[in-house]
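Visitor: I would like to learn how to read ring contacts and nonpolar cores. Please take me through an example.

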Amino acid sequence: MSGTIQGFSKELTLTVKCFFGFEETLIEELNELGYQKKVSKLNRAVQLKGTWKDVYFLNLHLRCAISILVEITTFRIKSEDDLYQQAKKINWSNFFDVNKTIAVRGAIFSDLFTSTHYPNLLLKDAVVDHFREIDGNRPDVELKRPQVMLDLYINNFEATISVNTSGNPLFQRGYRSTAGDAPINEVVAASLIRMSGWDRKTKFIDPFCGSGTFLIEAALLASGIPSNIERQHYAFKNFKNFDAELWDETYNKATRIVRSLPCEILGSDISDEMVLKSRRNLRTFSFGRFVKISAKPFEEVTTTDDEKVFILTNPPYDVRMDADVELLYQDIGTWLKHEIKDGKACLISSSIEGMKSVGLKPSRKVKVYNGNLDCSFRIYDLFEGKRKESLA
């Protein structure tokens, strides 16, 4: 079992990881990008077949993915030693040089191991011993920012070893120079925008815009610019088979500059500091001047009688404010009822009591996570005179 990641035409098994609850959203995005065949849903992941050209393309273009894994091998194990011996048979020097730093991450669901961390150490030892036996040198372990990240998945007696081609999570877009307290994760923001059903034409409003993540991800989607266009670091660049010419071709084909947006995108925040941070983050992009941001409370955001709008926002909750959360959300509900004549409003919050205080019945309610925060994402259809005003 020598193992190889050489060859760009060879069919690979790709595992695309996502956050909990966004598997179908990721499949929808893959379908839109032209990947309709052999796509299967897993737990917090989607699996499909592809080539290294697809690996480059998907790392750049996927907005709802955390990382993209390429499977090296799958095998059966009956003991701890089986894992080490099988992993040691892999010709790791085919994949990367000994001077690259490594780390192992994994998910272990097996009674063979009393510690979920021990299998990761066994795989690390197998890799290190392989290189040491070849020329006496070994790769160093770097847990925070490794150049090569290996992924180990064990389910009962079956082990799968993959390489993480993304490296650091893909929500590290490279465009956010500054952020506020408890910012929305970029991949979560992109996933919520897609899950919400926004048509990329209706006016987009975030009245609690913070450092501007929803605004930026909405503008990236509407303009067709990849969310990872500003990201410089990918783990696949550290592999022996990295094709710089193919990567440059993939990158240069992507849209980077636009002279307009197909819709209005507006943001506001009561904090002057947050408005300044949003504007700074938007300067990275050619569409930055088209996204309008103002410093004002949400109550001052109004629409005309014949104007349809789309609202997506992450209102303050316990970790971001000292005021009465339930009162704030009650005021948000009142504002939606009386000021937003037609459209849709989508709220994400970890405050369930706050959400109940909105006083509108959501058309959809989904459990999601923003980092470690257990959140609820709720979508409200707003039609003047036709609202169902009952507690959620």
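Guide: Start with a charge over a ring. That label applies if NZ of Lys or CZ of Arg is within 6 Å of the ring centre and within 35 degrees of the ring normal. The model here is predicted. In it, Arg231 lies over the face of Tyr234, at 5.0 Å from the ring centre.

Visitor: Which cluster do ring pairs build with Tyr234?

Guide: Ring pairs join Tyr234 to Tyr56, Phe236, Phe242, Trp247 and Tyr251 in a cluster. A search of the whole structure gives 22 aromatic pairs.

Visitor: Why is the pair of Tyr35 and Phe57 called tilted?

Guide: Planes under 30 degrees apart count as stacked, over 60 as edge-to-face and the rest as tilted. The planes of Tyr35 and Phe57 are at 40°, so the pair is tilted. Their ring centres are 6.4 Å apart. Tyr35 sits in the loop between α1 and β2, Phe57 in helix α2, 22 residues apart.

Visitor: Is Tyr35 buried or exposed?

Guide: Buried means under 20% relative accessible area. Tyr35 has 13%, so Tyr35 is buried. Phe57, at 25%, is partly exposed.

Visitor: Which residues touch the most other members of the largest nonpolar core?

Guide: Trp92, Trp198, Ile265 and Phe287 do, in a core of 98 residues. Helix α6 gives the most to this core, with eight residues. Take Ile265: leaving out residues up to four places away in sequence, its contacts include Trp198, Phe204, Leu215 and Phe290. A second, separate core has 21 residues, among them Phe208, Val301, Val325 and Ile332.

Note on methods. Residues numbered from 1 in each chain as written. Predicted model: local features only at pLDDT ≥ 70, side-chain atom pairs only at ≥ 80, totals over all residues. Heavy atoms only, no water. Phe/Tyr/Trp six-rings, centres within 6.5 Å; stacked < 30°, edge-to-face > 60°. Helix = DSSP H or I, 4+ residues; strand = E, 2+ residues; numbered from the N terminus. Buried < 20%, exposed > 50% of the residue type's maximum accessible area, 1.4 Å probe, protein only. Core = buried A, V, L, I, M, F, W, Y, C linked by side-chain atoms within 4.5 Å. Contact = heavy atoms within 4.5 Å.
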